[in-house]
Amino acid sequence: MTTVSSASTEHPSPRHRLRQRALDVLPHFAHLGDSRPQARRYVGIAAAVAAVGGLLFGYDTGIIASALIYVSQSFSLSTAGQEWVAAALNLGAVAGAVLSGPVSDRYGRRPAIMLASAVFILASFGCGLAPDTTILIIARLFLGVAIGATTQIVPVYVAELAPAERRGGLVSLFQMVFSLGLLLAFFVGYEMAGPPDCWRPMFMLGAVPAILLALGMLFLPESPRWLLHHEQERRAIAILYRLRGHHDPVRMELDAVLSIEEDGRDEDAGWGALRQAWLRPALIAALGIAALSQLSGPNVIVYYAPIILSQTGLGHSTALLTSVLVGVTSTITTGMGIALIDRVGRRRMLLLMLPFAALSLFVLGAVFLSPAPVAGMRMVLMVASLLGYIFFNFGSLSVAVWLIAAEVFPLHVRSKAMGLASATVWLSDTLVSLVTLSLVNGLGTTGTFWLFGLINVISFVFVWAFVPETAGTTLEGIETRLRSGTFLARD
């Protein structure tokens, strides 16, 4: 087992002094017994509370579909007005993802999450009480800022709390709760639909998960890695003991973090640091997965499946039922991905599942080659291939997107790089949302599904070429591979 070096120098650097102080503090905790079962539960609870941020993300992504028709009636919105109300959240999310990184770096992960929750609460009531379209759009922009910040901060926070062997499943809880948020939005929209102003309580109910997140964070710790980076070694070690439950893993993790800190403390932590050549492989992997997670088409199915399927001759009720099945399947398969991603591995799961996602879309496109109404065996094949795509795409790219970006970057640039990855997700989502119906009109249903099938093939090639296996490796171990040029080395 490696240990924290206590070698002295004639003029010790700040990093060396921190290492020595950590050595001095560590024996004060050595008397604590083995509480690893309790620590395991505590880490799980912390990850689950933080993952409530995904509920905010999912709820407000989904509720606009139910609310917008009533908003349009209340304010007599034009098509352009509807587009602005819907798109304001995405625009705000891009800004929130980028701006929250410096806030998280300066003030801590925990305060940044609580600040995002407060903005979300105020913006939810702002949407529900909006007297006109302008105020509604502004409130939606701030909702987006809070959601974008949450998608940046929460995965980083959980990744820094979790032990290496559980990091994949715990970080991916964020995506699982996002799927639950979507389902919740669908049910709330259905139950509350009817009165002209029903959209107001729909929006204001979004404050409930934000309040739960803010209250929950009051009882959770700060990231020990952030604390060590800011030379608060006593608090960091106390939290590490609570998270790991035994002297040995604490000692090993502390040694790894401080060794990396000594290597990277004096490096530029600004945006310019992301241009360093040794970080480029991590940027390519994280930003590529972030873009492909949206460009591969999951939200085409989530948002537009009822419209596309209705246009092909299916009844409206059948199309809506298919959409509900999509939501249920996405939730189940995300849970499956969470259970397996640490055992199977990120890279292996992506490489195993993406070919089947592509095949499902190719089959789905072939179903619509005939202009005849979909019925009989074609109906069975259509539903099976639609749900098959959701199963294999959501179980791979959608599970991995927040995880890979949260774990491949060094601590001194992690928040900013994660913000960039989160902004890439939102920009790609916006692009797909803007062009999907135009693609259907231009390429037809078959051509559109085949195009997204091809993008899933491209995703497979990208993962094979640029995404390493990180399962079971500490965050500091991943950084060491980056610095040594072995980031993409195959075992």
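A crossing of two helices is left-handed if the near helix is turned anticlockwise from the far one by less than a right angle. The views below are taken from a predicted model.

**View 1. Packing of helix 5 against helix 9.** Helix 5 (residues 109-128) and helix 9 (residues 207-217) pack with their axes 9 Å apart, at an angle of about 155 degrees. Helix 5 is therefore roughly antiparallel to helix 9. The crossing of helix 5 and helix 9 is left-handed. Helix 5 contributes R110, I113, M114, S117, F120, I121, S124 and F125, which meet A207, A210, I211, L213, A214 and M217 of helix 9. By class, this contact has 11 nonpolar, two polar and one charged residues.

**View 2. The salt bridge of D60 with R140.** The closest N and O atoms of D60 and R140 are 3.9 Å apart. D60 lies in helix 3 (residues 52-75) and R140 in helix 6 (residues 133-161), so the pair ties together parts 80 residues apart in sequence. D60 is buried, at 1% relative accessible area, and R140 is buried, at 1%.

**View 3. The salt bridge of R414 with E160.** The side chains of R414 and E160 meet at 2.7 Å, N to O. R414 belongs to helix 18 (residues 411-466) and E160 to helix 6, so the pair ties together parts 254 residues apart in sequence. R414 is buried, at 1% relative accessibility, and E160 is buried, at 0%. A network of salt bridges links D105, R109, E160, R414 and K416.

**View 4. The salt bridge of R346 with D342.** The side chains of R346 and D342 meet at 2.9 Å, N to O. R346 counts as buried, at 1% relative accessibility, whereas D342 counts as partly exposed, at 22%.

Key:
Residues are numbered from 1 along each chain as its sequence is written. This is a predicted model: local features need pLDDT of at least 70, side-chain atom pairs count only at pLDDT 80 or more; totals for chains, interfaces and linings use all residues. Side-chain values use heavy atoms; hydrogens and water are left out. Axes are lines fitted to C-alpha atoms, for helices over the stretch in contact, and angles run from 0 to 180 degrees between N-to-C directions. Helices (H or I, at least four residues) and strands (E, at least two) are DSSP runs, numbered from the N terminus. Angles under 35 degrees count as roughly parallel, over 145 as roughly antiparallel, 65 to 115 as roughly perpendicular and the rest as oblique. Contact means heavy atoms within 4.5 Å. Ala, Val, Leu, Ile, Met, Phe, Trp, Tyr, Cys and Pro count as nonpolar, Asp, Glu, Lys and Arg as charged, and the others, Gly among them, as polar. A salt bridge is a side-chain nitrogen of Lys or Arg within 4 Å of a carboxyl oxygen of Asp or Glu. Buried means under 20% relative accessible area, exposed over 50%, partly exposed in between (1.4 Å probe, protein chains only).
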